[in-house]
Amino acid sequence: MTDGNENAVSNSANPKKRAVLIVLDSVGIGEAPDAADFNDVGANTLGHIAESNAGFSMPNMRSLGLGNIEGVCAIEAVDEPCANFGRMQEIAPGKDTTSGHWEFAGVLMDKPFLTFPDGFPDDILTEFCEKIGVDGVLGNVPESGTVIIERLGREHIETGKPIVYTSADPVFQIAAHEDHVSVEQLYEWCEAAYEIVTPRGVSRVIARPFVGEWPNYKRTANRHDFAVPPPSATMMEALEDAGVHVTGVGKISDIYAGHGITSSLKTKSNDHGVETTLQCIRERDGFIFTNLVDFDSKYGHRRDPKGYAEALERFDSQLPEIIDALEDGDLLMITADHGNDPTYRGTDHTREYVPIIAFIKGATYGNDLGTRPCFSDVGATVADYFGVEWKVGESFLDRLI
């Protein structure tokens, strides 16, 4: 709950309404105006996936207006979109999960978290090793999680040393085999790392347990993110203060360090995330906030345009069931938090516009929401929908009713 939230005031809040926000993690739709500042000129996650996969099709997202969004050429426009559509540009000077999601909720960053493209400096690793009682780490490079455990998993088992790595995100990740390092011990290692690296600008420490035999190691669902809490109140805390139940599906609660999340439901995959979201729609009111991470973690970072295309088509095939589960008056919004063009150089996120598809079931549709100047317009719209005044971002609810 928020104590003294100066950004929000209850305004005849209606906690019995239902709003669903689904974040297609990393599904950007073309370079942002400031892409050059991030060395991302020419990036286009959705566009390049379509170009790389003959016959790529998202008929249900197309019917909602995905192809009608300015700049989207990969999907053909329709004459009568069944939703309202637009694109959004991020204000925060970053292209990571945390900055994007925080901006949805009205937390605007004025400086980016720090990344470590050359690995972590010796002083950080020395302090970390002393804290957890090991004589060194393995890795300490930016790398795909599946690649690094295949490369270093056997040495980790032989030596007991943790595998430490990072990515384009400002994260300190620790991988360990569950049969040799208990999940509880791995979490203790992460808590020790958190005390060291978050004061230095890292946003999250992530536990990455895995199982199996080389070379067929498999990461487990016991991942856990130890995240820096948002520096100011979130839109979800304002909802809670007004009596609205907020459900985080997937890694949502981790991203916000639990702030403003009434209940959290972890997921194992995109499919599990969709199943859990459907269950929530059918069983509860309030705000349901879902992140589908596989697009980013399994296909974007691994530079797999074929797998990414198949994952997008899979979500598209599930969309009618999601819409059918909604009741008249329910709000649905679909967006992304950044790009991760699987055809682009390196393995980093990419600075791109993100789509916004939005509608209230049974209400107005077909409106062009234009280019929204800030991700916080999403949070402002959710707050407006529930009758909670929120001062960050500009609501576009009036275009949906």
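Q: What makes two strands pair?
A: Two strands pair if DSSP finds at least two bridges between them. Strands (E, at least two residues) and helices (H or I, at least four) are DSSP runs, numbered from the N terminus. Here β6 and β7 are joined by seven bridges and run parallel. Phe172 has Val205 in β7 as its bridge partner.

Q: What kind of model is this?
A: This is a predicted model, in which local features need pLDDT of at least 70 and side-chain atom pairs count only at pLDDT 80 or more, while totals for chains, interfaces and linings use all residues. Residues are numbered from 1 along each chain as its sequence is written, and side-chain values use heavy atoms, with hydrogens and water left out.

Q: Which strands does β5 pair with, and in what sense?
A: β5 (residues 163-166) runs parallel to β4 (residues 138-142), with four bridges between them. Val141 stands opposite Tyr165 there. β5 also joins β6 through three bridges, in the antiparallel sense. Ile163 is the bridge partner of Ala175 in β6. Four residues separate β5 from β6, and the two form a hairpin.

Q: Are the residues of β6 buried or exposed?
A: Buried means under 20% relative accessible area, exposed over 50%, and partly exposed in between (1.4 Å probe, protein chains only). All seven of the seven residues of β6 (residues 171-177) are buried, so the strand is largely enclosed by the rest of the structure. Val171, Gln173, Ala175 and His177 point one way from β6, and Phe172, Ile174 and Ala176 point the other way. In β5, Ile163 and Tyr165 point one way and Val164 and Thr166 the other, and all are buried.

Q: What is the strand order in the eight-stranded sheet?
A: The order is β11-β10-β12-β2-β13-β14-β3-β15. The sheet is open and its pairing is mixed. β11 (263-265) and β15 (368-372) stand at the edges with a single partner strand each, so one side of each has no neighbour in the sheet. Angles run from 0 to 180 degrees between N-to-C directions, with axes fitted to C-alpha atoms, for helices over the stretch in contact. Neighbouring strands of this sheet are turned by 15° against each other on average, direction ignored.

Q: Which helix packs on this sheet?
A: Contact means heavy atoms within 4.5 Å. Helix α9 (residues 270-283) packs on the sheet and touches β2, β10, β11 and β12. The direction of α9 makes about 170° with that of β12. Elsewhere in the sheet, β3 (residues 84-88) and β14 (residues 354-360) pair antiparallel over five bridges. Phe85 has Ile357 in β14 as its bridge partner.

Q: How many residues are in the largest nonpolar core?
A: Nonpolar side chains tend to be buried together in soluble globular proteins. A nonpolar core is a set of buried Ala, Val, Leu, Ile, Met, Phe, Trp, Tyr and Cys residues joined through side-chain atoms within 4.5 Å. The largest one here has 88 residues, and Phe287 and Phe315 have the most contacts inside it. Helix α11 (residues 305-325) gives the most to this core, with nine residues. Beyond its neighbours within four places in sequence, Phe315 touches residues including Ile22, Met61, Val274 and Phe295. Another core, of 25 residues, lies apart and includes Ile132 and Ile174.

Q: Which residues of α1 are buried?
A: They are Thr45, Leu46, Gly47, His48, Ile49 and Ala50. Six of the eight residues of α1 are buried, so the helix is largely enclosed by the rest of the structure. α11 is part of what covers them.

Q: Which backbone angles stand out?
A: Most residues other than glycine have a negative phi, and most peptide bonds are trans. The bond from Trp214 to Pro215 is cis, with omega near 0°. Pro215 is in the loop between β7 and β8. Ser26 has a positive phi, near 85°, and sits in the loop between β2 and α1. Ser26 is buried, at 0% relative accessibility. Ala257 also has a positive phi, about 50°. Ala257 lies in the loop between α8 and β11 and is partly exposed, at 32% relative accessibility.
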